Amino acid sequence: MARYLITGIAGFIGSSLAHALVDQGHEVCGIDNLSTGNLDNLADIRHAVDFQEMDLQDVSGVQAACEGIDYILHQGALASVPRSVKDPLTSHESNINGTLNLLIAARDAKVRRIVYAASSSAYGDQPTQPKQEDMLPRPLSPYAVQKLTCEYYIQSFYRAYGLEGVCLRYFNIFGPRQAADSPYSGVIAQFTFKMMAGETPTIFGDGLTSRDFNYVDNAVSANLLACLAPSDVATGRVFNIGTGKSHTLNEVYAAIAGQLGFTPKPNYGPPREGDIKHSLADITRASKELGYQPRAHFHEGLKKTVAWYLEEKEKNQTPVLKR
Ligand code: UD1
């Protein structure tokens, strides 16, 4: 049994990690400033989690939170490409200053390892597919720059201070508990939510934009593997966490509409600023070095996700769905 600190624990991926670790009998601590996270995501495991409402930039708070921790799963961030395009300073403060503060605290508390939620957006308009970790990053949005900068910080803290760090470049993660209530929510959450409300979603661009959509259980397993992988293969390194398959927005729309029995055709709008056209992961490195296998496939994950949104609506206890 180990003691984990999850940053952004009340968020979508953070809370999914917390559920998995509690199920496995680990000690789980978590911090979240609740700016985009929601404590309802932890409702059924709240008794088993040592939670503190805290911003990552709170120097003394984060120092105290790192005391006695074995592994940090660093998910806390102000996510979203368009949010960062609109307000780069706020997302910079949260994503970069918050991470640097956490790294200093982790170093001083002699945390065993930090696993960082990096982003596939780092590849930007790098034209070659699939994306391999050794490719030169070409970030397009402030969000991508921030996520990439933190990868470099993680690597430098390993080289300069010996703090073990692993960067997981998430491709588009989706699943239950992903917030659906904001224009900054992930596309699968937004499409599902809108169709359930009888509204026709808008596809930005021609619908042929594609993403490597990865069900959240796969990201959870990647984090757990990254904590336990031997130091010489994992630390200071970057790993793609995708599936190796991509789907277009037209396919995503059709799949969700099919599950919900939603018949209207999509609206199409102009492409979104800062977006890239295609994104597909080469997962060879994560498979070989971490033993990562994306066992949950797209359609199966989508089925579970849509079912979860429907259940939440049914229960009429719909914090993540409220607008
Ligand atoms: C990006 C990053 C991802 C990161 C995420 C954080 C890339 C490849 N991926 O995802 O690593 O974790 O930001 O938020 O950069 N869309 C519509 N209609 C909508 C909403 C979205 O067509 O109503 C489109 C977007 O324009 C985009 C696609 O759906 O082309 C996916 O968007 P989104 O779910 O926001 O994720 P990314 O921006 O791809």
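## Exercise 1: Helix 2 meets helix 4

In helix 2, the residues V59, V62, Q63 and C66 make contact with N101, L102, A105 and A106 of helix 4. This is a predicted model, so keep that in mind as you work.

**Task.** Find how many nonpolar, polar and charged residues this contact has, and decide how helix 2 and helix 4 are arranged.

**Solution.** 
- Step 1. Sort the residues of the contact: six are nonpolar, two are polar and none is charged.
- Step 2. Look at the axes of helix 2 (residues 59-66) and helix 4, which come within 9 Å and cross at roughly 45 degrees.
- Step 3. Angles under 35 degrees count as roughly parallel and 65 to 115 as roughly perpendicular. Helix 2 and helix 4 are therefore oblique to each other.

## Exercise 2: Helix 4 and helix 5

**Task.** Work out which word describes helix 4 relative to helix 5: roughly parallel or oblique?

**Solution.** 
- Step 1. Start with the axes of helix 4 (residues 88-108) and helix 5 (residues 142-161), which come within 10 Å and cross at roughly 15 degrees.
- Step 2. That angle makes helix 4 roughly parallel to helix 5.
- Step 3. List who takes part. Helix 4 brings residues including P88, H92, I96, L100 and R107, while helix 5 brings residues including P142, Y143, C150, F157 and Y161.
- Step 4. Sort the residues of this contact between helix 4 and helix 5: twelve are nonpolar, six are polar and one is charged.
- Step 5. Finish with the handedness, which is right-handed for helix 4 and helix 5.

## Exercise 3: Helix 9 and helix 11

**Task.** Describe how helix 9 and helix 11 are arranged, and name the residues that meet.

**Solution.** 
- Step 1. The axes of helix 9 (residues 249-260) and helix 11 (residues 298-315) come within 10 Å and cross at roughly 50 degrees.
- Step 2. Helix 9 and helix 11 are therefore oblique to each other.
- Step 3. Helix 9 and helix 11 make a right-handed crossing.
- Step 4. From helix 9, V252, A255, I256, Q259 and L260 touch F298, H299, L302, K303, V306 and L310 of helix 11.
- Step 5. Sorted by type, the contact of helix 9 with helix 11 has eight nonpolar residues, two polar and one charged.

## Exercise 4: Around the ligand

**Task.** Find how many residues surround the ligand, and which are the closest.

**Solution.** 
- Step 1. There are 22 residues around the ligand, and the closest are S119, V187, F204, R211 and D275.
- Step 2. Now look at oxygen atoms of the ligand. One lies 3.0 Å from a polar side-chain atom of S120, and a polar backbone atom of Y170 is 3.3 Å from an oxygen atom of the ligand.
- Step 3. Turn to nitrogen: a polar backbone atom of T202 is 2.8 Å from a nitrogen atom of the ligand.

Methods
Residues are numbered from 1 along each chain as its sequence is written. This is a predicted model: local features need pLDDT of at least 70, side-chain atom pairs count only at pLDDT 80 or more; totals for chains, interfaces and linings use all residues. Side-chain values use heavy atoms; hydrogens and water are left out. Axes are lines fitted to C-alpha atoms, for helices over the stretch in contact, and angles run from 0 to 180 degrees between N-to-C directions. Helices (H or I, at least four residues) and strands (E, at least two) are DSSP runs, numbered from the N terminus. Angles under 35 degrees count as roughly parallel, over 145 as roughly antiparallel, 65 to 115 as roughly perpendicular and the rest as oblique. A crossing is left-handed if the near helix is turned anticlockwise from the far one by less than a right angle, and right-handed if clockwise. Contact means heavy atoms within 4.5 Å. Ala, Val, Leu, Ile, Met, Phe, Trp, Tyr, Cys and Pro count as nonpolar, Asp, Glu, Lys and Arg as charged, and the others, Gly among them, as polar. A residue is near a molecule or strand if one of its heavy atoms lies within 4 Å of it. A polar contact is a pair of N or O atoms within 3.5 Å; within protein, one must be able to donate a hydrogen and the other to accept it, and residues adjacent in sequence count only if both atoms are side-chain atoms.
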